[in-house]
Amino acid sequence: MRWRHRPVYRPLVDLSTMEERHIIITYRLDRATFQELCAQLEPDLMSAIRHPTGIPRLVQVVSVLHFLASGSFQTTVAMALGMSQPMFSNVLSRVLSALLKHMRSYIVFPQVEDFPTVKGDFYALGHIPNIIGAIDGTHVAFVPPPTGMNRCTETGKATIR
């Protein structure tokens, strides 16, 4: 008879030893907001740790925030945090579902009637006209498509000449 061993998860991340600046750079949240988010998501993530080899809730949130902040691949993030890609895929699905329930607490879109005020506030702040929102201060460069590629057609698909 062949014995099959259960995998044992060994956490590779310890936020208590990380500098605040490093947490913000890696996860795009400060320590206090991170802890608040973990507490909010705790009821939704309880089922993941019912057996002793489950991934702790904190590590689930850490892994998903790292994935979202870095734009990396699931395999890369999973390996960096000591889990398999299929396991991370399950964690990602679970945490994103939990985040969606609390989305309105963290993401606020201005209403159309607020656009003039928001535009004025952004202009006063940085002298950039016609800004109605920002995402964590990240600058995204928009570049035209490569030579030989038309812009999107009416169907929303790019065409190549």
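Good morning, colleagues. Please keep in mind throughout that the structure above is a predicted model. I shall begin with the overall architecture. The chain contains 7 helices and 0 strands, and in sequence order the pattern reads α-α-α-α-α-α-α. Of its 161 residues, 22% count as buried. The chain exposes about 12300 Å², with carbon and sulfur atoms supplying 59% of that area. As for contacts with a separation of 6 or more, 48% are accounted for by residues 24 or more positions apart.

Let me now turn to helix H3, which covers residues 57-70. This helix has 14 residues and reaches 20 Å from its first C-alpha to its last, close to the 20 Å expected at 1.5 Å a residue. Which residues of H3 are buried? They are Val59, Gln60, Val61, Val62, Ser63, Val64, Leu65, Phe67 and Ala69. These buried residues pack against four partners: helix H1 (20-27), helix H2 (31-45), helix H4 (74-80) and helix H5 (85-101). Just after H3 comes glycine 71, which takes a positive phi of about 70°.

The next topic is the salt bridges. How many salt bridges are counted in this model? The count comes to 3, and I shall take each of them in turn.

In one of them, the side chains of arginine 31 and glutamate 20 meet at 3.4 Å, N to O. Arginine 31 belongs to helix H2 and glutamate 20 to helix H1, so the pair links distant parts of the chain, 11 residues apart. Arginine 31 has 23% relative accessibility and therefore counts as partly exposed. Glutamate 20, at 33% relative accessibility, counts as partly exposed.

Another salt bridge joins the side chains of arginine 57 and glutamate 42, at 3.1 Å, N to O. This pair connects helix H3, where arginine 57 lies, with helix H2, where glutamate 42 lies, across 15 residues of sequence. The relative accessible area of arginine 57 is 22%, which makes this residue partly exposed. Glutamate 42 is partly exposed, at 31%.

The remaining pair is aspartate 44 with lysine 101, whose side chains meet in a salt bridge at 3.0 Å, N to O. Because aspartate 44 lies in helix H2 and lysine 101 in helix H5, the pair ties together parts that are 57 residues apart in sequence. Is aspartate 44 buried or partly exposed? At 24% relative accessibility, aspartate 44 counts as partly exposed. Lysine 101 has a relative accessible area of 60% and is exposed.

Finally, I would draw your attention to the segment after helix H7 (115-126), where histidine 127 is found. Histidine 127 is not a glycine, yet its phi is positive, at about 55°. With a relative accessible area of 57%, histidine 127 is exposed. Asparagine 130 is also placed in the segment after H7. Although asparagine 130 is not a glycine, it has a positive phi of about 60°. At 58% relative accessibility, asparagine 130 counts as exposed.

Thank you for your attention.

How values were computed
Residues numbered from 1 in each chain as written. Predicted model: local features only at pLDDT ≥ 70, side-chain atom pairs only at ≥ 80, totals over all residues. Heavy atoms only, no water. Helix = DSSP H or I, 4+ residues; strand = E, 2+ residues; numbered from the N terminus. Buried < 20%, exposed > 50% of the residue type's maximum accessible area, 1.4 Å probe, protein only. Contact = heavy atoms within 4.5 Å. Areas by Shrake-Rupley, 256 points an atom, 1.4 Å probe, with all protein chains shown as cover. Expected span 1.5 Å × (residues − 1). Salt bridge = Lys/Arg side-chain N within 4 Å of Asp/Glu carboxyl O.
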